[in-house]
Amino acid sequence: MSKYKQISHVIFDMDGVLLDTEPLYTKAFQNLVGRHGKTFTFDLKLKSMGSHRLEAAKMIIEELDLPMTPVEFDTLIEEQYQLLMNDTEIFPGAKKLVHHLSSNKIPISVATSSSIDSFELKTKKHKEFFKLFDHVVCGGTDPEVKQGKPSPDIFLISASRFPDAPKPEKCLVVEDSPNGVQAAISAGMQVVMIPDHYVPEERRRDATLVVSSLDLIPLEKFGLPSLK
Ligand SMILES: O=c1[nH]cc([C@@H]2O[C@H](COP(=O)(O)O)[C@@H](O)[C@H]2O)c(=O)[nH]1
Ligand SMILES: [Mg+2]
């Protein structure tokens, strides 16, 4: 009996999965906290990735004892995003996998914690690529997404927006963050994780499968047409 269940739909996280933006996030946060002589640690990164911006802001302010409110933090970090997020790159493996699934008519979507504005900023150079997806859920601004990852909301909402509204067990999520993996599991979905190097072993083990690049996912094990 295979460890993997057959699926019909794939839901992609964006930052750290489709777009190579996590190094830019690290730079943005370090630029801001560095002004107060503080360090944006990997521990803080792990906790903040995938969360709503104001939740992340509140957590970082508390942990680093920064003299500002979450709204002030969010305004300052937005300035960093305007500077750093203009020129984002799509991971080569992601480009290969998405085009393969799209040309094989496999329904695919994007479920990102970003706000719609942040999504527009990061994807303005990649409009054609993002047209390949059935829909995009921007958790930061979508009224139906009540709670950010690790709550399951965003993945359940994304599944419900496909025309055939697949059951959670028919969906495969692709994520880079521990918060995102937990959200997918809580949604009752299988999840492939492409962890950054700093994600410790114990934060990887809940994933259905861990790979180093999207084009290395053994699609046939999930009942999808193989990439080979
Ligand atoms: O180092 C970090 N990376 C990313 C985030 C947040 O996580 C979101 C990306 O999450 P996801 O990949 O789940 O969409 C970004 O929009 C950003 O708000 C963060 O707080 N800290
Ligand atoms: Mg991510």
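**A strand and its surroundings**

Modeller: Strand 4 pairs with strand 5 (residues 190–193) in the parallel sense, over 4 bridges. Helices (H or I, at least four residues) and strands (E, at least two) are DSSP runs numbered from the N terminus, and two strands pair if DSSP finds at least two bridges between them. This is a predicted model, in which local features need pLDDT of at least 70 and side-chain atom pairs count only at pLDDT 80 or more, while totals for chains, interfaces and linings use all residues. Residues are numbered from 1 along each chain as its sequence is written, chains are lettered from A and ligands numbered from 1 in the order in which they are written, and side-chain values use heavy atoms, with hydrogens and water left out.

V174 has V192 as its bridge partner in strand 5. Between these two strands the chain passes through helix 9, and this β-α-β crossover is right-handed (with the strands pointing away from the viewer, the path from the first strand over the helix to the second runs clockwise). Strand 1 also joins strand 4, by 4 bridges, and the two run parallel. Here V10 is bridged to L172 of strand 4.

How many of the 5 residues of strand 4 are buried? The count is 5 of the 5, so strand 4 is largely enclosed by the rest of the structure (buried means under 20% relative accessible area, exposed over 50% and partly exposed in between, with a 1.4 Å probe and protein chains only). In a regular strand the side chains alternate between the two faces of the sheet. Accordingly, C171, V173 and E175 point one way and L172 and V174 the other, and all are buried.

The magnesium ion (ligand 2) is coordinated at 2.0 to 2.2 Å by D13 (OD), D15 (O) and D176 (OD). D176 lies in the loop between strand 4 (171–175) and helix 9 (178–186), and D13 in the loop between strand 1 and helix 1; the pair links distant parts of the chain, 163 residues apart. The spacing of the donors along the chain is D-x1-D-x160-D. Both D13 and D176 are buried. Donors are N, O and S atoms within 2.8 Å of the metal (3.2 Å for Na, K and Ca); water is not among the atoms, so sites may look incomplete.

In soluble globular proteins, nonpolar side chains tend to be buried together. L214, leaving aside its neighbours within four places in sequence, is in contact with F12, V17, L18, G93, A94, L97, V174 and I194 (contact means heavy atoms within 4.5 Å).

Aromatic rings complete the picture. F12, F119, F129, F130 and F133 are linked by ring pairs into a cluster. Rings of Phe, Tyr and Trp (its six-membered ring) pair if their centres lie within 6.5 Å; planes under 30 degrees apart count as stacked, over 60 as edge-to-face and the rest as tilted. The structure holds 10 aromatic pairs. The ring centres of Y4 and F222 are 4.9 Å apart and their planes at 50 degrees, so this pair is tilted. Y4 lies in the segment before strand 1 (9–12) and F222 in the segment after strand 6 (209–210), so the pair ties together parts that are 218 residues apart in sequence. Y4 counts as buried at 13% relative accessibility, and F222 is buried with a relative accessible area of 0%. The pair of Y25 and Y81 is edge-to-face, at 5.2 Å centre to centre and 80 degrees between the planes. Since Y25 lies in helix 1 (residues 22–34) and Y81 in helix 4 (residues 70–84), this pair ties together parts that are 56 residues apart in sequence. Both Y25 and Y81 are buried.
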